[in-house]
Structure formats: C-alpha cells, structure tokens
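Work through the exercises below with the sequence and model at hand. Each task is followed by a stepwise solution.

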Amino acid sequence: MEGPRRDRHECDAAVSLAFSVLGKRWNGMIIDALGGGALAFAEVRRAVPGISDAVLSDRLTELADVRLISRTVSPGPPVSVTYALTPGGEQLVPVLEELGRWASANLAPADRPK
C-alpha cells in the first residue's frame with residue numbers, strides 16, 4: 001500500500017508546484033497571449049489589458065525562470081525583446097483551454113448564484 005500513497009503525494013506536489021506559477025494573476029493570460037506566437041513587450045502588454053509594466057516585467061521574468069517562455073534580445077538599434085512560449089509552455093496552452101472550459105461549465109462567479 002506504500003506505492004499508491006507515494007504516487008498521490010508526488011501528484012499533489014506536482015499540482016501544487018504548477019499552481020504556484022499558474023495560480024498567480026496574469027500568468028495564464030500571458031501564456032494565452034503568447035500562444036499565438038512570439039510578441040514584443042508592448043504587444044504582450046496590449047494583449048493583457050490592465051496589467052502594469054512593472055507587474056508584466058515581473059511575470060515575464062518568472063515565466064522565463066521556470067522555462068515556460070523564452071526571452072530573445074535583438075541588439076537593434078533600437079534594442080528589442082521578444083517573448084515566446086517554450087515547448088513546455090506550448091504544451092500548457094491546451095491544458096489551460098481545457099481548464100477554462102471546465103471552469104465555465106462548473107464554477108459560478110461569486111456574484112452570480114448557480
């Protein structure tokens with residue numbers, strides 16, 4: 001019986017790790033925006049309405065640190081930075097789409113009775 005308990009613990013740890021990144025506000029929207037292809041910083045900002053430049057910069061750095069996106073600097077002039085999904089980030093897009101479908105079907109917003 002030790003095997004199944006350990007598998008569940010490993011799964012719980014993996015899900016917790018995933019949500020420690022994906023559960024942060026804006027990260028899902030950034031990944032979704034990059035799902036259409038590489039974008040410059042200003043293009044990501046336009047694709048994610050309401051996010052400040054500072055928060056966007058932090059989130060892009062975080063997503064690059066966990067290798068869900070890549071950051072490419074072109075020397076210019078002017079210097080430009082482009083962000084794109086890595087293969088791991090690309091694999092996440094259909095998962096997020098499915099999660100969105102599930103949420104729409106099963107979760108009611110707090111201000112709307114089910």
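A nonpolar core is a set of buried Ala, Val, Leu, Ile, Met, Phe, Trp, Tyr and Cys residues joined through side-chain atoms within 4.5 Å. Buried means under 20% relative accessible area, with a 1.4 Å probe and protein chains only. The model is predicted: local features need pLDDT of at least 70, side-chain atom pairs need 80 or more, and totals for chains, interfaces and linings use all residues. Numbering starts from 1 along each chain, and side-chain values use heavy atoms, without hydrogens or water.

**Exercise 1.** Find which residues of the largest nonpolar core touch the most other members.

*Solution.* The core has 20 residues. Ile30, Ile31, Leu34, Val44, Val48, Leu63 and Ile69 touch the most other members. Next, assign elements (DSSP runs: helices H or I, at least four residues; strands E, at least two; numbered from the N terminus). Those giving two or more residues are α2, α4, β3 (80–85) and α5 (87–106). The largest share, four residues, comes from α2.

**Exercise 2.** Describe how α2 packs on α4.

*Solution.* Take the axes, lines fitted to C-alpha atoms over the stretch in contact, with angles from 0 to 180 degrees between N-to-C directions. Those of α2 (residues 27–34) and α4 (residues 53–65) come within 10 Å and cross at roughly 75°. The range 65 to 115 degrees counts as roughly perpendicular, so this describes the pair. Now list contacts (heavy atoms within 4.5 Å). Asn27, Ile30 and Ile31 of α2 meet Leu56, Arg59, Leu60, Glu62 and Leu63 of α4.

**Exercise 3.** State what percentage of the chain's residues count as buried.

*Solution.* The chain has 114 residues, and 22% count as buried.

Conventions: Angles under 35 degrees count as roughly parallel, over 145 as roughly antiparallel, 65 to 115 as roughly perpendicular and the rest as oblique. Buried means under 20% relative accessible area, exposed over 50%, partly exposed in between (1.4 Å probe, protein chains only).
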